[in-house]
Amino acid sequence: MIIEDQALHDRAAILAAAGGHPFVRHSLSPGIPARGWQRDGAVLWLLPPERGSGADAVGPAGPVLDLCAALVAEGLLRPEQRMHLPRFDPALAVGRVAVAQHVDWDFHWTTVAPPPQPGEQRVVRLTDADRPALDALVDEAFPTTTTRPGDPTVVDWYGIRSGDRVVACGADRSRGDVGFLAGLTVAPDQRGRGLGAALTAGMTRALLARHDTVALGVYPDNVGAVRLYRRLGFTNTLSRTGIRLGPER
């Protein structure tokens, strides 16, 4: 059961309850109506329709899952909706919520500019004229990515050109008041040359000109990427579990 004194009625209240955490600042855009709840140190909020509905949360995993269960019971969360929650073992959800998909990832962020990287000056904002080369790179180098050219949530694409090719690219998916890097990839035949470091550093520097915090997401088993991002200043980490709700049993 959700009780009224646990309710948070706008972004400011949710941010205050969560200590102004960068993940919350990224999840919820200023000026968009927001609705959330808190319980035993956990803070959970519903996502707006333009984000596909669902919910995000921070705090202890047990109370977060209790809040999820209460919202499912009240019909405010439904099967197939997605949520990004504190890291938890799948067993913790048993008896609370039905989980159809469970994926662990990490939210990394920085507030300082990265050290300069060789080749960083080659990073440019891409234009519509680069679209065929960008499509070709993403199809070849990162076919499983959910961040693709034409995605309306992408603010800008950045990349490194070589002749008529785009050999490295990344998307600016900034939201809220936090910059966000996504879809970072390098052409297979260009890897090991420092292009990933140059791209990440150049994009981070560009986004820090507009935001006080820049973040990105990475799977924890991608050890090479995690090492690179830490070297470039992304030393703050929030462990996440992304889930898709299953049908109630």
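Student: Which residues lie nearest the centre of the second largest pocket?
Tutor: Ala93, Arg96, Val97, Ala98 and Val99 do, among the 16 residues that line the second largest pocket. A pocket is an open set of points on a 1 Å grid over the protein atoms alone, where a 1.4 Å probe fits, with protein on both sides within 12 Å along at least five of seven lines; lining residues have an atom within 4 Å of a point. The model is predicted: local features need pLDDT of at least 70 and side-chain atom pairs pLDDT 80 or more, while totals for chains, interfaces and linings use all residues. Residues are numbered from 1 along each chain as its sequence is written, and side-chain values use heavy atoms, without hydrogens and water.

Student: What volume does the second largest pocket have?
Tutor: Its volume is about 330 Å³, taken as the space filled by probe spheres set on the points.

Student: Now the strands. How many bridges pair S2 with S3?
Tutor: Four bridges pair S2 with S3 (residues 42–46), in the antiparallel sense. Strands are DSSP runs of E, at least two residues long, and two of them pair if DSSP finds at least two bridges between them. Gln38 stands opposite Val43 in S3.

Student: And which residue in that hairpin takes a positive phi?
Tutor: Asp40 does, with phi near 50°; the hairpin has two residues between its strands.

Student: How many disulfides are there?
Tutor: The search of the whole structure finds zero, a disulfide being a pair of cysteine sulfur atoms within 2.5 Å.

Student: Is Cys68 buried or exposed?
Tutor: Cys68 is buried, at a relative accessible area of 0%; buried means under 20% with a 1.4 Å probe and protein chains only, and exposed means over 50%. Cys169 is buried, with 0% as its relative accessible area.
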